[in-house]
Amino acid sequence: MKYSELQYERIDVEKRRNLMKEYLDKFSNAHSVDDQINVILDVNEQNKEYHSYAAMASLNFSRDINDEDAKAEKDYYDSIGPDMIEIGDSFEKAVNQSKYKDELSKEWGEKFLTDIETSLKTFDPKIKEMLKEETNLRNEYTKLTAGAKITYEGKEYNLAGLGPFHSNEDRNVRKASYKARFNWFSENSEALDDIYDKLVKLRHKIATTLGYDNFIELGYMRMGRSDYGPNEVANFRKQIVDHVVPVVKKLVQKKKDILGLDHLYFYDGINFKEGDPKPKGSPDHLIKEAQVMYRELSNETGDFFDMMVEEELMDLVNREGKRPGGFCTSFPKYDRPYIFSNFNGTDHDITVLTHEAGHAFQCYSSRNQPLLGYLWPTMEAAEIHSMSMEFFTWPWMHKFFKEETDRFKYKHIAGSLSFLPYGACVDHFQHWVYENPEATPKERNQRWLDLESIYLPNRDYDDLHFPKTGGVWQGQLHIYQMPFYYIDYTLAQTCAFQFWIKNEQDSEKAWKDYVHLCNAGGSQSFTKLVALAGLELPFNDGCLETVVEHVSDWLDKVDPNKL
Ligand SMILES: [Zn+2]
């Protein structure tokens, strides 16, 4: 069945509330653990249905933010979100008080109950209205950024559409296009500050209402993190400063030589004089090549990607009215994932075909996990699947980049490594923000600049006013939409690099471990999944250092002038 043929409907909250009452009755009157298990599985099916319809409503709106009907459906699901959490919360409370807890834990592993305990700590009916407000503010950010109309060289673009100019081989084009981007941000900075200010204060209030000192602890629980906290993360950030920042400095020097520039500005993001490698061929052609690639990589990926194509589970090309960015979502009722992106003719288009397909492949591989909560792991684990898939597909990159393949690989590794300090900077910034909820927008920008000097000491914005005054973080949607979702990319990248190294040494074993990890879905916590995949935990002292050494050696051996 094609995506467009999948059944979609609105869920009736009152019906759900009444149905839940019946389930709660059955659950508390159960005479055996098996009876309780059956009720849990029934509720699980209901949840799958709800999450599928909500995901479809959200996706349809992302595909066309000007479609009034799609907007109405998305608004509907947004509006019932907190009620549905409340209904789910009542059942989780009952499960948490079950007399068969030990048996339930035996049935589904300890994560089943820790997930419920964590979830219970993130909600109380008292915060329901505030959650609605939070959703509205998030939506305001989406509406504002997705609706950006930027005039550049006499033509109108959205933020994603302007992207290719930022990596143009002509420095003037790069700078002018960034200027256009930042002018838009500057004109909207008051609105963006206002949305963020409200979000921070609201999240702080939600946290204190639930009994926390500030939003940080709650933020970690919302991310489902059960086996590490801010201390481990702070220590990991420090390792990035110690081991990655110096290597990135060396890469900057190398880039100056390649580009023949005395000094690099923010807008000199390209890696080669002639510009960054570009995919060869139309989007349709690229997808056909990807289909051949996934067939050759393995049977599992071949079947999976054919299904994605045949059932039209991808919307890849940028067009007006489409929400910016790329993501993978899923409809658990139908056991199907979906990939959304904005192809714009850059090498990033291929990374979508590998990164988002990595997410989708994992989600499809774990479809037989017994519980909805086991479909997706927490995000730092989920990004391992996507970022590692970027590396597992390396042997096929010539299909997309032809004579520029080696350039792509150099850029991929250099870029992945250089990303780590940025990721840590975004994370550090958010910790500060939620520790200081009363800070003014100006103080926030100043703090961002201070952190940039630690993590990104080579950044020079030239005379681009907006980023120079510390506003550049406003373009990072995670900071608005999903607080604390960012260090995940750096933790996962550290794991993905390990797969890259393993794949060089023993590709068969590496792929087996990877598939094993994908099948496990979210059935275990991050640290356990890392162990299951045979990888070293990024928090361990020495882990990042060893990985960076290997990556740095590889980069040293490449002479980019000969690429
Ligand atoms: Zn991802």
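A residue is counted as buried when its relative accessible area is under 20%, as exposed when that area is over 50%, and as partly exposed in between. The model described here is a predicted one, and this criterion is applied to it throughout. Phe408, with a relative accessible area of 4%, is therefore buried, and Phe401, at 0% relative accessibility, is likewise counted as buried. The rings of Phe401 and Phe408 have centres 4.3 Å apart and planes at 15 degrees, so the two rings form a stacked pair.

In general, an α-helix has 3.6 residues a turn, so residues three or four places apart point the same way. Tyr178 is buried at 15% relative accessibility, and Phe182 is buried with a relative accessible area of 5%. Ring pairs also connect a cluster made up of Tyr141, Tyr196, Phe419, Tyr422, Phe429, Trp448, Trp473, Tyr480, Tyr485, Tyr486 and Tyr489.

Distant parts of the chain are linked by the pair of His359, in helix α14 (residues 348-365), and Glu383, in helix α15 (residues 379-392), which are 24 residues apart. For reference, the ideal angle for four tetrahedral donors is 109.5 degrees. His359 is buried, with a relative accessible area of 6%, and Glu383 is buried as well, with a relative accessible area of 2%.

Strand β4 (residues 327-331) has 5 of its 5 residues buried, so the strand is largely enclosed by the rest of the structure. Phe327, Thr329 and Phe331 point one way from β4, whereas Cys328 and Ser330 point the other way. An antiparallel pairing over 5 bridges joins β4 to strand β5 (residues 336-343), and in this pairing Phe327 stands opposite Phe340 of β5. The hairpin of β4 and β5 has 4 residues between the strands, and Asp335 within this hairpin takes a positive phi near 60 degrees.

Strand β5 also takes part in the packing of helix α7 (residues 159-166). The buried residues of α7 are Leu159, Ala160, Gly161, Leu162 and His166. These residues pack against α6 (128-146), β1 (150-152), β2 (155-157), α8 and β5.

Positive phi values were also found in two loops. Most residues other than glycine have a negative phi. Glu153, which is not a glycine, has a positive phi of about 50 degrees; Glu153 is placed in the loop between β1 and β2 and is exposed at 69% relative accessibility. Lys402, again not a glycine, has a positive phi of about 50 degrees. This lysine lies in the loop between α16 (398-401) and α17 (405-435), and Lys402 is partly exposed, with a relative accessible area of 41%.

Two further buried residues were considered individually. Arg16, in helix α1 (residues 13-28), is buried with a relative accessible area of 12%. The side chains of Arg16 and Gln46 are joined by a polar contact of 2.9 Å. Not counting residues up to four places away in sequence, Arg16 touches Ile11, Gln46, Glu49, Tyr50, Met84 and Ile87. Leu537 is located in the loop between α23 (526-532) and α24 (543-557) and is counted as buried at 18% relative accessibility. With neighbours within four places in sequence left aside, Leu537 is in contact with Phe526, Thr527, Val530 and Cys543. The C-alpha atom of Leu537 is separated by 36 Å from that of Asp257, which is 280 residues apart from Leu537 along the chain.

Note on methods: Residues are numbered from 1 along each chain as its sequence is written. This is a predicted model: local features need pLDDT of at least 70, side-chain atom pairs count only at pLDDT 80 or more; totals for chains, interfaces and linings use all residues. Side-chain values use heavy atoms; hydrogens and water are left out. Buried means under 20% relative accessible area, exposed over 50%, partly exposed in between (1.4 Å probe, protein chains only). Two strands pair if DSSP finds at least two bridges between them. A polar contact is a pair of N or O atoms within 3.5 Å; within protein, one must be able to donate a hydrogen and the other to accept it, and residues adjacent in sequence count only if both atoms are side-chain atoms. Contact means heavy atoms within 4.5 Å. Rings of Phe, Tyr and Trp (its six-membered ring) pair if their centres lie within 6.5 Å; planes under 30 degrees apart count as stacked, over 60 as edge-to-face and the rest as tilted.
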